Amino acid sequence: MRTLTKLDSDSSRARRELHDYIQGASPLARHTVDSNGQCHAGASSFHESAEKHVTGKAAYVDDIKTPTDALHVALGLSPVAHGVLTKLELDKVKKAPGVIDVITFHDVPGHTDIGPVFPGDPLFVDQEISYAGQCIFAVAATSLQAARRAVTLAKLHIDEQPASLDPVAAAERKEVVRPTHVQQRGDWQEVLRTAEQIIEGELFIGGQEHFYLEGQACIVLPTEDEGVMVYTSNQHPSETQKLVAEVLGIPFHAVTVEVRRMGGGFGGKETQASPWACIAALIARRTGRATRLRLPRSEDMRATGKRHPFHNRYQLAIDTKGVIQGGDITVIGDCGYSPDLSDAIVDRAMFHADNAYSLGSARVTGHRAKTHTASNTAFRGFGGPQGMMIIEAAMDDIARQIGEDPLTVRKRNFYRDGRDVTHYGQRVDQRQLLHTLVETLESDSDYWARRKAIIQYNANSPIIKKGLALTPVKFGISFTAKHLNQAGALLHVYTDGSIMINHGGTEMGQGLHTKVCQVVARELGLDLNSVRISATRTDKIPNTSPTAASSGADLNGMAARDAARKLRERLFDFAAKHFAQGLDREGMRLEGGMLIAGIGESEQRISWGELVQTAYLNRISLSEKGFYATPLIHYDRSIGQGRPFYYYAFGAAIAEVSVDTLSGEYQVDQVDILHDVGDSLNPAIDIGQVEGGFIQGMGWLTSEELRWNDNGVLISDGPATYKIPTFGDLPPIFNVALLEGHPNSMASLYRSKAVGEPPFMLGICVWSALRDALASLTNYQTSPHLDTPATPERVMLAANALREKAL
């Protein structure tokens, strides 16, 4: 009995300690519902699937039940990066146990090229092999194990050729997937010629694996009339519908694509989820059986593209105070073997080569280099982060050259009155907001006191050096392809008063569905529990844009709002004519589940349920569609000028780091973030997005290193060789706040701002802080060269280079 008592005591103490730890040291789940219980847009509420996520009830593609005779697909991938497939022997594969079908390039009845924007992406290799991991054939069997065993029996005869893996050399040879583009403003050559000082630099910026927790996966069911039903983990259902139809040679309406949720996407499922759906659809139609395809992690990483690595360089004219007068910036994106989305991605890198700073008279050139690697693709920020890195490197370099603090140099170069037009011709609205935000963060985080303390610490610490950096973010919000800036929604009200909303956006954990439900609840004056969202389906909302470019809530939320407002006005018109007491049409409103007309003593109330029932009995439509297209945006690519963005989102972050300059190991000690989301749609979700975006950005710049061998084969193809940030990488002090009292100046959804991508670039402050710590080795006289990711090895080599230079 005493032993049992001791166990109970130990258990209680452990629970208490854990509870205290969770309360005091870790981020808390934020379900801070308003006191009135109505979680409308603008209020904090938990994710609509949060309970399902933590209890395991949330259904992903692999959870969907299929018939017992469903087939499983395994892929035959190229082992070499470049060559010619001279012969393919599949006889043993076809005869292997459990194998039902084997397909190659020659079995495709329709289109064989599934390039999303430009051609160049064959579904299967015909002859030319363009990267290690390219799909050559597919096997369908009665079990996944049987399919994977059968794949190993294939004999590939390949004439291997040298692989082009250097994007800088490729750009010099004019080996590009798309033409070079230039944006310029003013006489930048004259400014460089007459400059008081010129500063130059270059930087390699590594790529990044999406490492979504749910890999690429789909299930395809054959339907009557030669069609297919596709369940897929996918950010762009309409594009997958189009490509599946074209590959099968059938009309678009014969293909229905459904996406309920994804276990992460980050851009990796915008275009590169489609090939697997096309392959599964081919097999499903050929065999008449349900077909399941999901990629193992190592194959997923080898077969799909990454964030584009970039090689950037700058030459800037500055005055004695470090203010940029003009210059020349070049960005070279490593696009892989095909265009995919690289044209738009390199464009966005060019758009963001200024970040928050006026470049004056400047030219920005973007090259789209072709290499024999998987076609690189969208990733949170869509090229913007890579573009920002070069100007942030320049800010640190300028500060060391003129002997000023980097924050001082950054603030001097911010967009301001008289210097408020970008190199692509867009005037920066709300530019004073950037100054206010940075000054607020600078004050609240005690930047200057910490700077003084760090300088003193470094003077007395020969090995461990501390670094501090504040970096801003100015990120343009809109698809740079104008036609994608549109969205639709479909709203149904049922006779019990409950509501179903459907829209064209997809949920990948970011809370889009939650925000859309909140919008509908707000417009109709209902509790959030009254509104439910259904899976994204191409037979409900046609011709949708991808959920990308941080525009999911901006576009789909506005479409849902349009539908709700139209329905509300229809009900108001009906109520004003129908109810005997003669309701005041002008003053009608929906609040707290009631239709309210009039004010004071003349106020009249009708419950939502009664209103809906009465409208139904009087044959009033209780369904409505909504649509939204972003206004004002335009860009003339022929001259590199225009207004590609509806508005800008701003943010700033401070990182403090400690670096062991002998080993290169380091830790992030403290991070302070202040981010601009306008009038937040959901502060709880937005703070989560800022936290997650920052950590993912920090991982990109510090620990996530992609490595290929000399033959172009990816060797960092799993969690053992590729390190994403974990809970242990969370800064011990992590202060995150949303800027309040500054609504969007543009007519966005309730004056909110997008929050998906902008926080990612806040992670740049960690890289800049590492450079700051290293610069202390030379008493801040030299700016260290530090390519990314800034792994401990790179940090150690940078420290050694500074010591050698000082000798």
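**Salt bridges in a predicted model**

Let me begin with Arg-794, which is partly exposed at 24% relative accessibility; by relative accessible area, buried means under 20%, exposed over 50% and partly exposed in between, with a 1.4 Å probe and protein chains only. This is a predicted model, in which local features need pLDDT of at least 70 and side-chain atom pairs count only at pLDDT 80 or more, while totals for chains, interfaces and linings use all residues. Residues are numbered from 1 along each chain as its sequence is written, and side-chain values use heavy atoms, with hydrogens and water left out.

Arg-794 forms a salt bridge with Glu-705, their closest N and O atoms being 3.6 Å apart. Arg-794 belongs to helix α20 (residues 792-806) and Glu-705 to the loop between α18 (683-702) and β29 (733-738), so the pair ties together parts that are 89 residues apart in sequence. Helices (H or I, at least four residues) and strands (E, at least two) are DSSP runs, numbered from the N terminus. A salt bridge here is a side-chain nitrogen of Lys or Arg within 4 Å of a carboxyl oxygen of Asp or Glu, and by this rule the count comes to 54.

A second pair joins Arg-286 and Asp-101, with the closest N and O atoms 2.7 Å apart. The two residues, 185 apart, link distant parts of the chain: helix α8 (residues 274-287) holds Arg-286, and strand β3 (residues 99-103) holds Asp-101. Arg-286 is partly exposed at 42%, whereas Asp-101 is buried at 11%.

Finally, a network of salt bridges links Glu-523, Arg-561, Arg-565, Arg-568, Glu-569, Asp-573 and Arg-585.
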